[in-house]
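Subject: A structure for you to explore

Hello,

Here is the structure I promised to pass on to you. Please open it alongside this email and look up each place as you read.

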Amino acid sequence: MKTIVTSSSKEVVIGDNQPTIIIGESINPTGKVRMVKALQERDFSFISDEALRQVKVGAHILDVNACVPGLDEKALLPEVLKTVMESVDVPLCIDSANPRCLEAALKVYIGKPLINSVTGQEQSLQEVLPLVKRFNTAVIGLTIDDQGIPQEPYKRLEITWKIVNRAQEMGIPRENIIIDSLTLTVGTDIQAASKTLETIRLIKKEMGVNQVLGISNISFGLPLRQVINCSFISMVLAEGVTCLITDPFLTRQTVLACDLLLGKDKFARNFLKTYREMKK
């Protein structure tokens with residue numbers, strides 16, 4: 001199963017036998033005071049610098065979110081998207097919970113982006129999947145429905161089936177759907193990681209679609225977050241996750257080491273190349 005996303009000049013392939021794809025998470029105002037300020041002040045130079053920083057340290061795709069309370073996201077998101085497209089050549093992940101904002105951003109994007117996201121909620125399926133079909137994008141499917149995030153892995157698998165089946169009924173190829181099993185913090189649920197890992201295994205066995213995971217949620221509210229996050233990365237990649245939403249500055253070395261050990265880095269080329277760059 002290969003999922004392909006593109007910019008105007010670069011193609012990224014996501015798949016089981018491919019190196020793990022890192023989706024840089026930093027262009028997102030959630031919990032980031034400096035990014036909120038940049039969006040409020042239309043400080044696009046700060047956003048451009050952040051895009052360049054992430055690509056320089058190993059991001060293959062950049063997530064772009066411009067949702068700040070009090071700002072016109074529909075007008076702002078396309079502006080931010082244009083800034084990032086002018087700054088870097090990697091494909092982008094357009095991140096919004098508002099279908100109208102997604103549509104406005106898709107109209108200015110050059111290439112085949114990733115949309116973040118659609119859920120198993122009926123309204124989301126009805127509003128987002130037509131955009132995926134119309135603009136021929138890839139999309140992240142979240143294992144959440146009208147009752148929230150299920151505790152049971154089999155319930156999350158059922159939501160995955162629902163998303164994939166509805167997409168295929170609309171003529172959206174299965175390879176254009178990347179499933180996010182979701183994870184909550186182990187700080188409040190000691191079984192949170194185990195439930196996510198079991199869900200990943202089930203989806204890989206039953207569905208065969210590519211899978212993504214936002215890593216930082218697992219350690220929320222705990223000390224030594226980087227240690228927890230990097231340990232969890234090694235687990236989820238071994239179970240079948242093919243791309244990660246993370247900060248490449250903090251996790252790139254762990255991802256490279258995992259790819260090497262999982263046989264995804266022929267002759268250790270990526271690992272050695274990065275090592276040589278770090279020495280310089």
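Let's start with a charge and a ring: the charged end of R34 sits over the ring of F46, 4.2 Å from the ring's centre. Please keep in mind that this is a predicted model. As for aromatic pairs, the structure holds zero of them.

**The pockets**

Which residues lie nearest the centre of the largest pocket? They are N28, T30, N65, D95 and N116, out of a lining of 42 residues. The volume of this pocket is about 1200 Å³. Its lining is made up of 15 nonpolar, 17 polar and ten charged residues. If you colour the model by element, you can trace the parts that each supply at least two lining residues: the strands β3 (21–27) and β6 (114–119), and the helices α1 (33–40), α2 (44–56), α4 (99–106) and α5 (122–135).

The second largest pocket has a volume of about 750 Å³. It is lined by 31 residues, and V57, G58, H60, R252 and T274 lie nearest its centre. Two or more lining residues come from each of β2 (11–15), α2, α9 (248–261) and α10 (269–279). Which element gives the largest share? That is α9, with nine residues. By type, the lining of the second largest pocket divides into 13 nonpolar, ten polar and eight charged residues.

**The salt bridges**

- D189 and K195 form a salt bridge in which the closest N and O atoms are 2.9 Å apart. Both D189 and K195 are buried.
- R201 and E239 form another, with the closest N and O atoms 2.8 Å apart. This pair links distant parts of the chain, since R201 is in helix α7 (residues 192–206) and E239 is in helix α8 (residues 225–239), 38 residues apart. R201 counts as partly exposed because its relative accessibility is 34%. E239 is partly exposed too, with a relative accessible area of 23%.
- E103 and K107 meet through their side chains, at 4.0 Å from N to O. E103 has a relative accessibility of 23%, so it counts as partly exposed. K107, on the other hand, has a relative accessible area of 55% and is therefore exposed.
- E50, R53 and D247 are linked in a network of salt bridges.

**Apart in sequence, together in space**

E86 lies in helix α3 (residues 73–87) and counts as exposed because its relative accessibility is 71%. E86 and S48 are 38 residues apart along the chain, and their C-alpha atoms are separated by 8.3 Å.

The other pair is T143 and D180, which are 37 residues apart in sequence and 6.4 Å apart in space, from C-alpha to C-alpha. T143 lies in the loop between β7 (138–142) and α6 (153–169). Is T143 buried or exposed? With a relative accessibility of 0%, T143 counts as buried.

**Some backbone details**

Zoom in on the peptide bond from N116 to S117, which is cis, with omega near 20°. S117 lies in strand β6, one of the elements that supply at least two residues to the lining of the largest pocket. N116 also takes us back to that pocket, as one of the residues that lie nearest its centre.

Finally, look at the loop between α9 and α10, where you will find F267 and A268. F267 has a positive phi of about 60° although it is not a glycine. A268 also has a positive phi of about 60°, and it is not a glycine either. F267 has a relative accessible area of 60%, so it is exposed. A268 has a relative accessibility of 14%, and because buried means under 20%, it counts as buried.

Enjoy exploring the model, and write back with any questions.

Best wishes

Definitions and conventions
Residues numbered from 1 in each chain as written. Predicted model: local features only at pLDDT ≥ 70, side-chain atom pairs only at ≥ 80, totals over all residues. Heavy atoms only, no water. Phe/Tyr/Trp six-rings, centres within 6.5 Å; stacked < 30°, edge-to-face > 60°. Lys NZ or Arg CZ within 6 Å of the ring centre and 35° of its normal. 1 Å grid on protein atoms, 1.4 Å probe; cavity = no way out; pocket = protein on both sides within 12 Å on 5 of 7 lines; lining within 4 Å. Points joined across faces, edges and corners; volume = space filled by probe spheres on them. Helix = DSSP H or I, 4+ residues; strand = E, 2+ residues; numbered from the N terminus. Nonpolar A, V, L, I, M, F, W, Y, C, P; charged D, E, K, R; others polar. Buried < 20%, exposed > 50% of the residue type's maximum accessible area, 1.4 Å probe, protein only.
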